[in-house]
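The following note goes through selected local features in numbered points. Please read each point alongside the sequence and the structure displayed here.

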Amino acid sequence: MRWMDFLAVEAIRPALRAHDSASLLEELAELLAPEADVAREVIAGALRARERLGATAMEGGVAIPHCRVEGARRIVTCVGLHRGGLAFGEPEDGLVRIFVGVVAPPDTAGLHLNVLSRIAALLHTPPMRDALLATVTASEAHALLVRAEAALHP
């Protein structure tokens, strides 16, 4: 199992437009909805509910908003880059620039956790985060993530 099995190029946005946490979750839901086959509003609501339980921001300017949604066809992820950074939750070290959204069907708890673990492991190092933030297109970001994951998990 690889993270890239759950990330379509079309679900990568190299320049998020969001100006606050609420609009950020809406934008991620917009990216996730087509692949999950669930309405954007349903996903956005589930992401907001999950964030109320506890912020998903982590070290290094990365946040992984995630939720389980009834009706999702399968686990899907998206990636959004916010060039200026966004105050999101309680990051340990400032603004969040890399957002990875995850939506999963309710019956995939173990696999859902494995995908979250893969994402966190891949985005753990500053050089990887810097390389991702240096990408300009969705295709370029996807290719970088494919190569990095293959190197991390041959």
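Predicted model: local features only at pLDDT ≥ 70, side-chain atom pairs only at ≥ 80, totals over all residues.

1. R68 belongs to strand 4, residues 66-68; strands (E, at least two residues) and helices (H or I, at least four) are DSSP runs numbered from the N terminus. With a relative accessible area of 44%, R68 is partly exposed; buried means under 20%, exposed over 50%, and partly exposed in between, using a 1.4 Å probe and protein chains only. Leaving aside residues up to four places away in sequence, R68 touches A104, P105, P106, A109 and H112, where contact means heavy atoms within 4.5 Å. From C-alpha to C-alpha, R68 and R50 are 9.1 Å apart in space, and they are 18 residues apart in sequence.

2. Residues are numbered from 1 along each chain as its sequence is written, and side-chain values use heavy atoms, with hydrogens and water left out.

3. Which helices have axes that come within 10 Å and cross at roughly 100°? They are helix 3 (residues 109-122) and helix 5 (residues 138-152); the axes are lines fitted to C-alpha atoms, for helices over the stretch in contact, and angles run from 0 to 180 degrees between N-to-C directions. The two helices are therefore roughly perpendicular to each other, a class that covers 65 to 115 degrees, with angles under 35 counted as roughly parallel, over 145 as roughly antiparallel and the rest as oblique. On the side of helix 3, R118, A121 and L122 take part, and they meet L145, A148, E149 and L152 of helix 5. The residues of this contact comprise five nonpolar, two charged and no polar ones; Ala, Val, Leu, Ile, Met, Phe, Trp, Tyr, Cys and Pro count as nonpolar, Asp, Glu, Lys and Arg as charged, and the others, Gly among them, as polar.

4. One aromatic pair is present in the structure. The ring centres of F88 and F99 are 5.2 Å apart and the ring planes stand at 85°, so the pair is edge-to-face. By definition, rings of Phe, Tyr and Trp (its six-membered ring) pair if their centres lie within 6.5 Å; planes under 30 degrees apart count as stacked, over 60 as edge-to-face and the rest as tilted. The pair links distant parts of the chain, eleven residues apart: F88 is in the loop between strand 5 (76-86) and strand 6 (96-104), and F99 is in strand 6. F88 is buried at a relative accessible area of 1%, and F99 is buried at 0%.

5. How many disulfides does the structure hold? The number is zero, a disulfide being a pair of cysteine sulfur atoms within 2.5 Å. For C67, the closest cysteine sulfur is that of C78, 10 Å away and too far for a bond. C67 counts as buried at 6% relative accessibility, and C78 counts as buried at 0%.

6. Two loop residues complete the note. D37, in the loop between helix 1 (21-36) and helix 2 (40-53), has a positive phi near 60° although the residue is not glycine. D37 is exposed, with a relative accessible area of 54%. E59 sits in the loop between strand 2 (57-58) and strand 3 (62-63) and is partly exposed at 49%. The C-alpha atoms of E59 and R147 are separated by 23 Å, the residues being 88 apart along the chain.
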